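Please consult the sequence and the structure shown here while reading.

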Amino acid sequence: MNIPNAVRVPVLAGIHHLKLPVSDLGRSLAWYRSRLGYEVQVEFVERGNLMGVSMSHPGGGPDLALRLDPDRARAAAGFDYFAIGVPDRAAMAALARRLDELGQAHAGVHQASLGWILPEVPDPDGHALRFYTIEQHTGPRADEVLAVHDPGPEAVYTSRPRG
């Protein structure tokens with residue numbers, strides 16, 4: 001079968017897991033359990049020391065691994081490497097209320113470029129977690145690229161043909 005180069009792409013199946021370096025494995029594990037409900041599924045023990053865990057989320061969130069690596073944890077602090085999906089605006093509001101009840105700092109729920117966002121949720125190492133709705137209030141058509149100029153409340157949206 002002769003397939004044009006533009007159609008030849010590898011088959012992928014979403015995100016397998018996310019992995020974060022942490023400075024204190026016990027502290028981070030307790031935080032992800034209490035704030036987000038993660039459960040340990042695998043422990044990684046090296047030379048008798050617990051060095052990492054792999055966790056699953058009972059509500060369908062992405063698998064998450066924590067790896068004891070204080071130097072990398074410090075270097076990664078403050079950056080939002082990924083956004084965890086939340087089904088819709090109502091679920092996002094419920095998450096924000098839960099974090100409020102736990103006294104967890106965050107920047108509140110805001111309308112973002114395509115959906116709603118709950119940014120600036122710092123974990124114990126200062127990783128800037130963010131949550132983004134799968135539900136969208138706007139988005140590109142399948143045949144276009146959407147450009148968001150100056151993201152924020154005053155954003156301007158333009159589009160151009162894809163390709």
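## Positive phi values

Arg47 is exposed at 85% relative accessibility, where exposed denotes over 50% relative accessible area, buried under 20% and partly exposed the range in between, computed with a 1.4 Å probe on protein chains only. The residue Arg47 sits in the loop that connects strand E2 (39-46) with strand E3 (49-56); helices (H or I, at least four residues) and strands (E, at least two) are DSSP runs numbered from the N terminus. Arg47 is not a glycine, yet its phi is positive, near 50 degrees.

Glu120 likewise is a residue other than glycine with a positive phi, about 55 degrees. Glu120 belongs to strand E7 (residues 116-122) and counts as exposed, with 56% relative accessibility.

## Basis of the model

The model is predicted: local features require pLDDT of at least 70 and side-chain atom pairs count only at pLDDT 80 or more, whereas totals for chains, interfaces and linings use all residues. Numbering starts from 1 along each chain as its sequence is written, and side-chain values rest on heavy atoms, with hydrogens and water left out.

## The sheet and its helices

Strand E7 is part of an open sheet of 4 strands with the order E5-E8-E7-E6 and mixed pairing; two strands pair if DSSP finds at least two bridges between them. Strand E5 (83-86) and strand E6 (110-111) are the edge strands, each pairing on one side only. Strands of a sheet pair through backbone hydrogen bonds, in either parallel or antiparallel fashion. E7 and strand E8 (residues 128-133) run antiparallel and are joined by 4 bridges; Leu118 has Phe131 in E8 as its bridge partner.

Helix H1 (residues 25-36) packs on this sheet and touches E7 and E8, its direction making about 25 degrees with that of E8. Helix H3 (residues 89-101) also packs on the sheet, touching E5, E7 and E8, at about 25 degrees to the direction of E7. Contact means heavy atoms within 4.5 Å; axes are lines fitted to C-alpha atoms, for helices over the stretch in contact, and angles between N-to-C directions run from 0 to 180 degrees.

Rings of Phe, Tyr and Trp (its six-membered ring) pair if their centres lie within 6.5 Å, with planes under 30 degrees apart counted as stacked, over 60 as edge-to-face and the rest as tilted. The count comes to 3 aromatic pairs. Trp31 and Tyr32 form an edge-to-face pair, 4.7 Å centre to centre with 75 degrees between the planes. The pair of Tyr32 and Tyr38 is also edge-to-face, because its ring centres are 6.4 Å apart and its planes lie at 75 degrees.

Trp31 is buried at 7% relative accessible area, as are Tyr32 at 1% relative accessibility and Tyr38 at 4%.
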